[in-house]
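Here is a short report on selected features of this model. Look at the sequence and the structure first, then read on.

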Amino acid sequence: MLRTLSRSDWLLLIVFAAVVLTLPWTMQPIGAAYPDLLQKFAIYGLFAIGFNILFGLTGYLSFGHAAFLGVGSYAAVWSFKLLTMNVLPALALSVAVAGVFAFLIGYVSLRRSGIYFSILTLAFAQMSYNLAYSVFTPITNGETGLQVRAIRASAETPLRDGDVRIIDQALGVQEVGIPISNLFGMKMSGYPGFYFCAVLLIIGFFIALSISRSNFGMMLKAIKSNQNRLKYTGVHTRPYLIAAFVISGMYAGLAGSLLSITDPIAGAERMQWTASGEVVLMTILGGAGTLIGPVLGAGLIKYAEQKVSSWNEGILHDAFSLLPGPVQDFFVEFATLFVGEGWHLTLGLMFMIIVIFLPGGLMEGFRRLRRALTSGRSSASRTMSSTSPVQERG
Amino acid sequence: MSVAEMATHGTDERGFRSGVPNKVLHVDDVHKSFAGLHALSDVDLDVRQGETHAIIGPNGAGKSTLLNVCVGRIKPDRGAVIFDGNTLTGKAPHEINQLGVARVFQTPEVFLDLSVLQNVMVPALSKRDGYFNLNPFTAFAGETAIRDEAEEVIANVGLKYHIHSPASSLSRGDKRRLELAMCLIQHPKLLLLDEPTAGMARHDTNATIDLLKEIKENGMTKIIIEHDMHVVFSLADRITVLAGGRIIAQGSPEEIKNNPKVKEAYLGEEQV
């Protein structure tokens, strides 16, 4: 497994790990260095990395990945309710359940490709969302959401009012107040929660990197490039696609699990189509098919969501305070459309600008910038070298 | 290893009996119609091992349909295609390829986003690992044996200087060469070529003829669909002529040249 990566891949992994682990310091200047937001960066980064394995490598665009995020969340809370508040069984259960669920949906949806595949995944996700509010309310607790409770006093108490936590009870774990998820006693809230998510993000990135560099990853890229040719090359593309779909679903399940670990409540809104659309935006915004891009996209969207949605008229008046009264009012009135609850308008504009001018996402922007700098430098050096002899002669 | 040696590598064990041309492909009474139009009617065809068999005919004669039936792209309404003792009818393209049938398409079908080297390594992996191999932790870059062989095949088809270029940057002629390399690295028992020189300039066509002749010398079985009579008569051991979905003539190039039915239906008096 370790031999899959080249030296430059290891370097990339080390830099990535260093950047992720130092976020609590590096994010301070832009006011993003608080645990809740950092946890979201890591969790949605993981979600986007997994989504990119399917969309970025195979080109199959799923509009239903939020279903796996939701399933992972519910599985984690059930693990807390039935087994233990330790996060490891919750993670394992979430990934396993999301994997099985992804296999079932993938097996059916991958009978089609293109827009038909996208619509099928969207339909499955919406079905899951609606079922969570209807037929499956005994499992999902409907609109109230599935929550962790104190261990019930007697076997007669229904599970929605009190939990079982067989393992914790067997080990004699004492609970004081609201139960909090933990890793062998270390509470998974605040910075420990972030670092736990960050470590999983780094592991997830490493696995995605390995997949991308492997024979399996090459077959996925070949599917994206020319599936027809691949079939006539002796490759049965469907099992590869199902495998990619399941792996991607497991990443989503893991991300869903982390959402419940950092905040032990699961609601069906995590399965809604908007959540599926969000991971598509993250991936495209950052750069589909690249390794870093989806994580960047996730970070950018979560940061914008947190910041822009919290801005209000007061903040805008402060921002435009240098302008004279009526002009200031006009600008504030106009800018109000894009902040607070209108932050989706900002997101939409941001998405349109990037897709139109940088179809390869932020990563393409960085590549262009690097090329411009490199060519600028090389043309400067060419100018120097071409002028130098003249100067010497002079 | 030359292209010719690569082409036949692995076929020796099948026991090519010199002087006894045994059938490698048998098309048995194949019939296919599209919305009432008979694309193929009562087609019977035998291809002997080691021969280069050309299928010619005017536009709409059913040549490409026949080839598509052979590779599993189109299912015939009636009849069967038997290759090397296996019925191909009803099998998926990947299964047919795994049995040893490779195909060069009329319009070059390559992996445009991948490099030339990667394009050739992918079929080699498929040949080695079968139609599915889930091992996400085997490094593609670490496949040195396959890479060495791919580099050799690429050099032999004349793409050595493009080895790390993306396939999308190649000319149409070079894409055809690449596609041929993708087939050759699989050491197929049967190679199907659908108009391998279509759209090529004369010097590229001649280079392709030379390349295919080199493969021919070592006894790989090939079926070529071609409009260019120069290519057909340069390469073919036997020719089948299709017209209106039916076989109207079969035989050696000399026999076909002198066949009055062929003259009438396809070649034209002056050309012959």
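In which sense do strand 1 and strand 2 of chain B pair, and over how many bridges? The model is predicted. In it, strand 1 (residues 23-34) and strand 2 (residues 37-48) of chain B pair in the antiparallel sense, over 8 bridges. B:K32 stands opposite B:L40 in strand 2 of chain B. The hairpin formed by strand 1 and strand 2 of chain B has 2 residues between the strands. There, B:A35 takes a positive phi near 45°.

Strand 1 of chain B also pairs with strand 4 (residues 78-83) of chain B. These two strands run antiparallel, joined by 5 bridges. B:D28 has B:A80 in strand 4 of chain B as its bridge partner.

| Partner strand in chain B | Sense | Bridges |
|---|---|---|
| Strand 2 (residues 37-48) | antiparallel | 8 bridges |
| Strand 4 (residues 78-83) | antiparallel | 5 bridges |

Now chain B as a whole. Chain B holds 10 helices and 10 strands. Of its 272 residues, 53% are buried. Among contacts in chain B with a separation of 6 or more, 69% link residues 24 or more positions apart. The accessible surface of chain B is about 11400 Å². Carbon and sulfur atoms account for 47% of that surface.

One residue of chain A is also worth a look. A:Q227 sits in helix 10 (residues 215-231) of chain A. Is A:Q227 buried or exposed? A:Q227 counts as buried because its relative accessibility is 19%, and the cut-off is under 20%. Leaving aside residues up to four places away in sequence, A:Q227 touches A:Y60, A:A222, A:T237 and A:L241.

Technical notes
Residues are numbered from 1 along each chain as its sequence is written. Chains are lettered from A and ligands numbered from 1 in the order in which they are written. This is a predicted model: local features need pLDDT of at least 70, side-chain atom pairs count only at pLDDT 80 or more; totals for chains, interfaces and linings use all residues. Side-chain values use heavy atoms; hydrogens and water are left out. Helices (H or I, at least four residues) and strands (E, at least two) are DSSP runs, numbered from the N terminus. Buried means under 20% relative accessible area, exposed over 50%, partly exposed in between (1.4 Å probe, protein chains only). Contact means heavy atoms within 4.5 Å. Accessible areas come from the Shrake-Rupley method with a 1.4 Å probe; for residues, only the protein chains shown count as cover. Two strands pair if DSSP finds at least two bridges between them.
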